[in-house]
Amino acid sequence: MKLRSVIIWTLVAVVGAVGWAVLALSRGENVNAVWLLCAALGSYAIAYRFYARFIVRKVLRADDRRATPAERLNNGIDYHPTDRRILFGHHFAAIAGAGPLVGPVLAAQMGYLPGTIWIIAGVIFAGAVQDMVILFFSMRRNGRSLGQMAREEIGPVGGAAALVAVFAIMIILLAVLALVVVNALAQSPWGVFSIAMTIPIALFMGFYLRVIRPGKVVETSVIGVGLLILAIVAGGWVQESSWAPIFTLSPSALALWLIAYGFVAAVLPVWMLLAPRDYLSTFMKIGTIVLIAIGIAVTLPPLQTTAFTDFAFSGKGPVFAGSLFPFVFIIIACGALSGFHSLISSGTTPKMIQKETQVRMIGYGSMLMESFVAVMAITAACVLSPGLYFAMNSPAGVVGTTVQTAAEAVTNMGFVITPEQLQAAAAAVQEQTLVARTGGAPTLAVGISQIFSGFLGGAGLQAFWYHFAIMFEALFILTTVDAGTRVGRFMLQDTLGNVWKPIGRVSWWPGLVAASAIVVAAWGYFLYQGVNDPLGGINQLFPLFGIANQLLAAVALTVATTLLIKSGRLKWAWVTAVPLAWDVAVTLTASYQKVFSPDPGLGFFAQRDRYQAALDQGQLLAPAKSMDAMRQIVINSTVDGILAALFAVMIIIVILDAARIWVKAIRAREPLPTTEAPFEESKLLAPSGLIATREEKEMMAKAGSSG
């Protein structure tokens with residue numbers, strides 16, 4: 001490294017270290033939120049520059065001379081060499097769902113420090129590593145899905161368990177994400193109009209870039225972003241116009257439209273709708289997050305919560321039950337480590353990437369960006385007064401439904417807020433009430449509105465920023481539904497291809513239509529039932545979301561570790577084996593507690609027994625409002641307990657079967673056979689990172705290409 005580089009990276013390290021020191025050591029005083037920015041950005045920069053580069057060069061041995069499946073199998077439907085900037089936007093939009101927005105908000109119950117440590121350290125050593133490594137190995141195997149890689153590389157027993165578990169978890173995750181979108185957009189003409197307009201804008205961008213002006217990414221981006229801003233502004237006009245009833249949709253109608261959109265997005269060529277729409281939405285996502293960071297840097301808001309709250313140690317928090325370990329690491333998933341990401345990394349993205357070294361920017365880099373989203377989310381929650389935070393995030397059974405009962409309940413928790421303050425907070429964002437607005441999304445919107453109004457428009461615009469944040473959250477989550485549906489289609493085709501070869505060809509039209517219809521019907525059923533029944537459909541399986549997602553990460557890290565060991569890279573297997581060991585410890589502990597804990601607030605079967613006993617005595621327990629609802633809760637708790645145990649057992653089977661392969665590979669004198677595609681010389685020239693180096697520019701200039 002040159003002296004200038006040494007100085008720059010030393011300064012970056014110092015800024016990050018000072019940020020961590022202030023966060024960790026401050027006691028008895030409010031810490032400024034800007035130190036969260038310093039700790040996060042300094043850590044990300046060091047990790048991307050050094051750790052990610054080490055993995056790509058030493059561990060994965062990425063080779064740009066090797067043609068990727070996008071180049072070798074290019075068919076314009078699923079396999080399509082895609083500019084790294086567009087692919088970064090697609091991948092980031094596909095992985096960034098509800099998790100990095102609401103998980104950190106809920107985890108703020110335990111203070112700002114445990115969640116922040118997991119978000120930043122977890123992404124550097126686990127989440128971004130998983131995403132990049134799975135992307136690389138799937139790319140080397142023609143874009144194989146995670147479940148199929150497990151079957152082919154581990155064996156029939158562990159592979160079968162992985163295929164079933166991965167697909168079942170995938171359906172649950174998609175239905176949960178879709179439900180969050182429906183809840184955010186219901187009765188919101190502004191949000192529905194603005195998000196609906198992203199579809200024709202994306203179609204225009206897709207054709208513009210492929211047919212009208214091929215290769216003109218910057219030009220297409222400028223046009224697309226301009227149209228997106230116009231759509232957002234026009235959404236406000238529509239909300240106040242006679243058109244508002246057209247775009248004011250009920251939850252049931254929204255669910256049906258979302259199901260239809262998911263099917264269309266899964267079957268259309270990837271360049272036509274999915275990639276440009278995700279790329280377009282990324283501008284809004286990243287732009288909003290950057291604005292939040294700028295707002296924090298300008299207004300310097302203090303963190304109102306403490307580093308640790310009493311709930312971190314008692315496990316009796318009103319927002320969610322359970323102790324710091326393991327539940328902070330379950331509640332905060334997508335911002336640090338998420339199994340869902342491995343499905344995208346082994347789904348659409350490996351079929352579109354141009355060069356192997358681009359896995360660093362697209363796999364590792366986009367996950368760092370999502371982690372930064374999570375940092376902004378926990379910051380937005382922690383700049384609120386603890387009294388307002390707990391009044392919003394505690395269920396009605398704890399705080400009641402009025403400002404008077406909420407103020408009294410929160411005061412009894414040890415935090416102070418008056419009914420007048422709660423009423424004023426609701427009035428500031430033009431809401432009837434903020435009491436018991438659980439789920440995390442409303443809290444995040446209030447936090448964002450306070451930060452934005454502090455430097456953009458003042459208190460008079462706080463209501464505008466609140467509703468903008470609600471729409472932003474819906475757009476953020478929607479892009480995971482369309483990409484996830486396409487990935488589910490790939491997964492189902494890979495699985496059925498083991499029985500009948502033709503359907504395993506992911507771009508075979510009859511197969512892709514049939515598989516897309518099955519996947520959409522599966523998550524669409526749970527979504528529609530959940531929208532119409534507060535205790536049915538996906539609401540029945542919602543409690544499994546966090547644990548199922550992290551169990552999926554265990555499958556991904558197991559596959560990654562297996563492939564490293566089988567390919568003769570045993571000395572580097574710790575890169576994925578260490579986060580695997582941590583994830584297994586966390587998720588299996590959480591699974592055990594959710595199944596066997598005697599606390600009805602935590603254990604599924606304990607909850608079932610409590611409601612069954614009350615049912616036998618003819619008593620009603622909240623949230624049930626009838627005896628039928630009581631019986632439904634008993635059924636839900638039983639189903640959740642059985643599925644939680646079943647998923648855990650299946651993951652243990654996958655890991656044990658993989659361990660057998662590890663031992664076999666270590667004892668073998670030669671690397672075991674794998675399903676890696678044979679080497680083929682690449683004819684494409686493309687930069688590895690966001691900005692082309694001088695050498696890359698010279699090579700592309702000689703070849704007559706641009707980048």
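Q: In which hand, left or right, does H8 pass H23?
A: Before the hand, a caution: this is a predicted model. H8 passes H23 in a left-handed crossing.

Q: At what angle do the axes of H8 and H23 cross?
A: Helix H8 covers residues 156–185, and helix H23 covers residues 462–496. Their axes cross at roughly 155° and come within 9 Å. Angles over 145 degrees count as roughly antiparallel, so H8 is roughly antiparallel to H23.

Q: Which classes of residue make up the contact of H8 with H23?
A: Sort the residues by class. The contact of H8 with H23 has 19 nonpolar and five polar residues. It has no charged residues.

Q: How do helix H7 and helix H26 pack?
A: Read the angle and the distance together. H7 spans residues 146–154, and H26 spans residues 545–566. They pack at an angle of about 40°, with their axes 10 Å apart. That angle makes H7 oblique to H26. H7 passes H26 in a left-handed crossing.

Q: Which residues in H7 and H26 meet?
A: From H7 come Leu146, Met149, Ala150, Glu153 and Ile154. In H26 they meet Leu552, Val555, Ala556, Thr558, Val559, Thr562, Leu563 and Lys566. By class, the residues of this contact divide into nine nonpolar, two polar and two charged.

Q: How do the axes of helix H4 and H17 cross?
A: H4 covers residues 84–95. Its axis and that of H17 come within 9 Å and cross at roughly 45°. That makes H4 oblique to H17. The crossing of H4 and H17 is right-handed.

Q: Which residues in H4 meet H17?
A: Arg84, Arg85, Leu87, Phe88, His91, Phe92 and Ile95 do. Their partners in H17 include Met361, Gly365, Met369, Glu370 and Val373. The residues of the contact of H4 with H17 divide into nine nonpolar, four polar and three charged.

Q: Now cavities. How many of 30 Å³ or more does a search of the whole structure find?
A: The search finds five cavities of that volume. The largest cavity holds about 60 Å³ of space.

Q: Which residues line the largest cavity?
A: Among them are Ala108, Gln109, Thr305, Thr309, Ala381, Cys382, Pro386, Tyr389 and Phe390. Helix H17 (359–382) and helix H18 (386–393) each supply at least two residues of the lining. H18 gives the largest share, three residues. By class, the lining divides into seven nonpolar, four polar and no charged residues.

Q: Let us turn to the backbone. What is the general idea for phi and for peptide bonds?
A: Most residues other than glycine have a negative phi, and most peptide bonds are trans. Exceptions deserve a look.

Q: What phi does Leu300 have?
A: Leu300 has a positive phi of about 50°, although it is not a glycine. Leu300 is found in the loop between helix H13 (274–299) and helix H14 (311–314).

Q: What kind of peptide bond joins Phe325 and Pro326?
A: A cis peptide bond joins them, and omega is about 15°. Pro326 has its place in helix H15, residues 324–331.

Q: And what kind joins Ala622 and Pro623?
A: A cis peptide bond joins Ala622 and Pro623, with omega about 10°. Pro623 is found in the loop between helix H28 (604–616) and helix H29 (627–667).

Definitions and conventions: Residues are numbered from 1 along each chain as its sequence is written. This is a predicted model: local features need pLDDT of at least 70, side-chain atom pairs count only at pLDDT 80 or more; totals for chains, interfaces and linings use all residues. Side-chain values use heavy atoms; hydrogens and water are left out. Axes are lines fitted to C-alpha atoms, for helices over the stretch in contact, and angles run from 0 to 180 degrees between N-to-C directions. Helices (H or I, at least four residues) and strands (E, at least two) are DSSP runs, numbered from the N terminus. Angles under 35 degrees count as roughly parallel, over 145 as roughly antiparallel, 65 to 115 as roughly perpendicular and the rest as oblique. A crossing is left-handed if the near helix is turned anticlockwise from the far one by less than a right angle, and right-handed if clockwise. Contact means heavy atoms within 4.5 Å. Ala, Val, Leu, Ile, Met, Phe, Trp, Tyr, Cys and Pro count as nonpolar, Asp, Glu, Lys and Arg as charged, and the others, Gly among them, as polar. On a 1 Å grid over the protein atoms alone, a cavity is a set of points where a 1.4 Å probe fits but cannot get out, and a pocket is an open set with protein on both sides within 12 Å along at least five of seven lines; lining residues have an atom within 4 Å of a point. Grid points are joined across faces, edges and corners, and a volume is the space filled by probe spheres set on the points.
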